[in-house]
Amino acid sequence: MSKSDKIYVAGHRGMVGSAIIRLLKDQGFENIITLTHSELDLTNQNQVQEFFSQEKPDQVYLAAAKVGGIFANDTYPADFIYQNLMIEANVIHAAFKSGVKKLLFLGSSCIYPKLADQPMKEDALLSGYLEPTNEPYAVAKIAGIKLCESYNRQYGESQGIDYRSIMPTNLYGPGDNYHPKNSHVIPALIRRFHEAKINNEERVSVWGSGNPKREFLYVDDVASASVHVMNLDKEIYDQNTHEMCSHINVGTGEDLSIGALAKTLKKVIGFTGEIEFDSSKPDGSPRKLMDSSRLNNLGWTPKFNLEEGLQITYQEFLELK
Ligand SMILES: NC(=O)c1ccc[n+]([C@@H]2O[C@H](COP(=O)([O-])OP(=O)(O)OC[C@H]3O[C@@H](n4cnc5c(N)ncnc54)[C@H](OP(=O)(O)O)[C@@H]3O)[C@@H](O)[C@H]2O)c1
């Protein structure tokens, strides 16, 4: 691709979209189009079609979505399934109609069954029941993968359509959402440890036993994976995927317990009190780790270790205060 190609990043104010923009600009891409949610509501089909027919981008990164933690997913299931389905269907179809050949869709590791074998490989998709709390979101994300695959299958050869999907593990980093109820585990714990430090509290209570293991990826790493996958040679991409299992996992390949995560955050934030695990709260799946060997074999590895990524994230959190 050329540095003057017109690239549309949907969701550019979000954590991932803003990291993709930072990276594209660093790489010398200047013809990047962005519109805020209030300028272009991606759930509105007419607005999206009009935008694409006017702009006709060369590439699209689809990082706009309704995103949230367990509480938000469980409380607003209709919003999560409706908005995500509409965003994906509108953007992917309008991109196709306006002649976009290359598009990258961002899904999530929650597409995999609750009891999938660990680490989860791409072919675990649709092999079992989903985690009920975020099933509506996961179903919408699965539809996004299948939209990309279906356009490739129907129009790939005749019109050169090449739409790809990546499934990142749990992400964190600058630009995250620190809402007290609707956030993911890392921003929620950063807020709680920070507030406990400022208020000289003796202890911080963490949901669950602390035993479940999770994987976390720094957002600049998912941005580099996005650009890497978007620009992989088609022949190589096709050799490493299947037309009906075309998505690619993005993770670090390492997980840690929530207890170990809490201890690392306590150190990064400088909280000197105790950590208390509230075992009356649910733990969720005992382990969720992605198998990212497909992407590793395609030449990508993450750059940031967890403590380093958390340090940068906490600095940004302090600047927001
Ligand atoms: N965060 C994670 O841990 C994680 C993990 C795995 C995968 N992912 C995936 O990565 C992608 C980006 O996630 P993120 O964490 O960057 O989310 P985010 O910070 O919430 O950003 C999402 C962006 O999408 C925009 N948006 C939402 N609805 C829109 C609409 N109807 N029209 C226009 N824009 C709309 C939001 O704008 P407003 O804020 O103005 O609504 C926001 O800028 C998502 O597809 C998500 O599934 C995220």
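Mentor: Begin with exposure: a residue is buried under 20% relative accessible area, exposed over 50%, and partly exposed in between, using a 1.4 Å probe and protein chains only. K56 has a relative accessible area of 47%, so K56 is partly exposed. The model is predicted, so local features need pLDDT of at least 70 and side-chain atom pairs pLDDT 80 or more, while totals for chains, interfaces and linings use all residues. Residues are numbered from 1 along each chain as its sequence is written, and side-chain values use heavy atoms, leaving out hydrogens and water.

Trainee: Where does K56 lie?

Mentor: Helices (H or I, at least four residues) and strands (E, at least two) are DSSP runs, numbered from the N terminus. K56 lies in the loop between helix 2 and strand 3.

Trainee: What is the phi of K56?

Mentor: Most residues other than glycine have a negative phi, and most peptide bonds are trans. In K56, phi is positive, near 40°. L126 also has a positive phi, near 60°. L126 is in the loop between strand 4 and helix 5, and with a relative accessible area of 58% L126 is exposed. As for the peptide bonds, Q118 and P119 are joined by a cis one, with omega about -15°. P119 is in the loop between strand 4 and helix 5.

Trainee: Which residues of helix 2 are buried?

Mentor: In helix 2 (residues 45-55), the buried residues are V48, F51 and F52. Down the helix axis they fall within an arc of 95°, so they line one face of helix 2. The arc is that of the directions from the helix axis to the C-beta atoms. On the face turned away from the buried side are the exposed residues N46, E50 and Q54.

Trainee: What do the buried residues of helix 2 pack against?

Mentor: Contact means heavy atoms within 4.5 Å. The buried residues of helix 2 pack against strand 1 (7-10), strand 2 (32-33), strand 3 (59-62) and helix 4 (77-97).

Trainee: How do I read a polar contact?

Mentor: A polar contact is a pair of N or O atoms within 3.5 Å; within protein, one must be able to donate a hydrogen and the other to accept it, and residues adjacent in sequence count only if both atoms are side-chain atoms. At the start of helix 2, a side-chain oxygen of N44 comes to within 3.1 Å of the backbone nitrogen of N46.

Trainee: Which residues are closest to the ligand?

Mentor: A residue is near a molecule or strand if one of its heavy atoms lies within 4 Å of it. The ligand is surrounded by 24 residues, and the closest are M15, V16, H37, Y137 and K141. A side-chain N or O atom of H37 is 2.7 Å from an oxygen atom of the ligand, and a backbone N or O atom of V16 is 2.8 Å from a ligand oxygen atom. Helix 1 (15-26) and helix 5 (135-159) each supply at least two residues of the shell around the ligand.

Trainee: Is S108 buried or exposed?

Mentor: S108 has 12% relative accessibility, so S108 counts as buried. Leaving out residues up to four places away in sequence, S108 touches Y137, K141, M167 and P168.
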